[in-house]
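Please look over the sequence and the model shown below before reading on. The report is meant for someone meeting this structure for the first time.

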Amino acid sequence: MSILADSLSRVKPSPTMAMTGKAAELKAAGRDIIGLSAGEPDFDTPENIRKAGQEAIETGKTRYTAVDGIPELKQAICEKLKRDNGLSYTPQQISVGTGGKQTLYNALMATINPGDEVVIPAPYWVSYPDMVLLAGGTPVIAEATLENNFKLTPEQLDAAITPKTKWFIFNSPSNPTGAGYSHDELKALTDVLLRHPHVWVMSDDMYEHLAYGDFKFCTPAEVEPALYDRTLTCNGVSKAYAMTGWRLGYAAGPVELIGGMRKIQSQSTSNPCSISQYAAIEALNGPQDYLAKHNEMFVRRRDLVVSMLNEIDGVVCPTPEGAFYVYPSIAGLIGKTTPNGTVIENDEAFATALLEEKDVAIVFGAAFGLSPNFRVSYATSDEALKEACTRIQDFCAALT
C-alpha cells in the first residue's frame with residue numbers, strides 16, 4: 001500500500017517549473033542555456049517597495065498577523081479595486097494569501113463538491129485543472145483556438161456549461177497566450193453567464209497592468225455589475241511590481257466565500273509573510289509611474305520576439321495584447337526531423353529537442369491544454385531574446 005493519497009494520482013507537477021528546473025540543471029553543468037520558460041519579470045522590485053519591506057523588519061513587524069491579511073493591506077486593496085476597476089469592496093470581502101495561486105486554491109477547496117464542474121478555457125495556466133482535480137472537481141476544457149486569437153466565444157462558453165458547473169475561470173490578459181479580452185468581448189461572455197445563475201466566476205487578473213497599445217483591461221464584475229455577488233476577483237503584486245518572490249496575492253468576493261477561504265487558510269499556511277504584506281501596501285499605494293516604463297520595455301521585447309518567430313517557415317506567432325508571453329503555433333513543423341534524428345511528433349518533442357540541441361528552454365503547448373504550440377516568456381533582456389530567437393530560427397531551418 002502506498003503512503004501517498006489517491007488524489008495525487010489525479011494531478012501532475014507544474015510543467016513550467018519542471019522545464020525551468022531542467023534548464024537550471026543544464027546551466028549548472030556548464031551549458032549556455034537561455035531560459036524562456038519562467039513567467040517572472042527580470043526587473044528588480046522597485047526601491048520604494050523594498051524600503052517598505054526593510055522598514056517592516058526594522059520596526060519589528062515580523063510576528064503573526066491576522067490569518068488572511070492585516071487591516072491596512074485589506075484597505076489598500078479595497079482602494080485599488082475602486083480606483084482601478086470601479087469595484088466597491090469592504091475589508092471583510094478581501095482575502096490575502098501567499099501568492100495568487102493560494103487564493104485560487106483556497107476558493108476551489110472551499111467550494112468544490114464531488115461532481116462539480118469547472119469550465120476552463122484552453123490554453124490555460126497549467127495549475128487551473130490540477131487545482132480543480134485536487135479539490136475533487138472535474139475540469140471542463142473549452143478550446144480557444146488560434147483562429148479566434150485564443151479567445152473563448154460566447155457560443156463555446158454556453159456549450160460548456162451544464163447543471164453541474166460551479167465555476168468559470170477567466171484569465172485576461174492570459175497566461176500562456178497574452179490574449180486580452182476587450183470590453184465588448186468580455187460583455188458577450190458575461191451575457192452568457194447571466195443566463196446561468198448557478199455559475200460563479202473566478203477572474204484571474206494577475207496581468208492587469210501588463211496591457212499594451214490600445215488594449216484596455218477590464219474585469220467581469222466591472223463589465224457586468226449583476227455578476228458582482230457571484231464573482232471572485234483575484235489579483236496580486238507578483239507580475240506588475242516584480243515581486244514574485246515576496247509571495248503575495250489577494251482576492252475580493254462575497255463575505256461567505258471569503259470566510260470559507262479564510263477557514264482553509266487558517267488550517268494550512270495561516271497568514272502570509274508579514275514583511276511582504278507591508279511591502280504590498282506600498283506597492284498598491286505608492287508611485288505607479290514605473291509600470292508604464294516597464295510596459296514600454298515589454299512591448300519592445302514582444303515585437304522583437306513576434307517578428308523573429310514569424311520569420312520561421314512553419315511557425316505562426318500572433319501578437320498578444322498583454323502579459324509577457326507569446327504562444328506560437330508549430331503546426332507546420334510537426335513530422336519533421338532534427339539533424340540528430342529526433343522526430344518532431346508533437347510540441348513536447350519540439351521543446352525537448354530545442355533544449356537539448358540549441359540550449360533554449362521553452363514550455364510545450366500540451367502543458368497548457370492546446371497543441372501544437374509552445375510558450376515563450378519574453379520577460380528577459382533584449383540580448384537574450386534575440387540570441388534565443390536566432391537559435392530557434394536555426395533549429396527550425398535545420399529540420400527536414
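The sections below take up the basis of the model, its sheet and its pockets.

## Basis of the model

The model is predicted, and local features need pLDDT of at least 70 while side-chain atom pairs count only at pLDDT 80 or more, whereas totals for chains, interfaces and linings use all residues. Residues are numbered from 1 along each chain as its sequence is written, and side-chain values use heavy atoms, with hydrogens and water left out.

## The sheet and a helix across it

Seven strands form an open sheet in the order β2-β8-β7-β6-β5-β3-β4, and their pairing is mixed; strands (E, at least two residues) and helices (H or I, at least four) are DSSP runs numbered from the N terminus, and two strands pair if DSSP finds at least two bridges between them. Because β2 (94–97) and β4 (138–143) stand at the edges with a single partner strand each, one side of each is left without a neighbour in the sheet. From one strand to the next, the twist averages 20°, where axes are lines fitted to C-alpha atoms, for helices over the stretch in contact, and angles run from 0 to 180 degrees between N-to-C directions.

Within this sheet, β5 (residues 165–171) and β6 (residues 200–204) run parallel and are joined by five bridges, and W167 has W200 in β6 as its bridge partner. Helix α9 (residues 255–266) lies across β2, β5, β6, β7 and β8 (249–252), and runs at about 25° to β2; contact here means heavy atoms within 4.5 Å.

## The largest pocket

The largest pocket holds about 550 Å³ of space. A pocket is an open set of points, on a 1 Å grid over the protein atoms alone, where a 1.4 Å probe fits, with protein on both sides within 12 Å along at least five of seven lines, and lining residues have an atom within 4 Å of a point. Grid points are joined across faces, edges and corners, and a volume is the space filled by probe spheres set on the points.

Of the 28 residues that line the largest pocket, G39, K101, W125, K239 and R247 lie nearest its centre. At least two lining residues come from each of α1 (15–28), α4 (100–111), α5 (127–134) and β7 (231–236), and α4 gives the most, with four residues.

## The second largest pocket

The second largest pocket has a volume of about 260 Å³. Its lining has 14 residues, of which T20, G35, L36, S37 and A38 are the closest to its centre. Two or more of the lining residues come from each of α1 and β1 (34–35), and α1 supplies the largest share, four residues.
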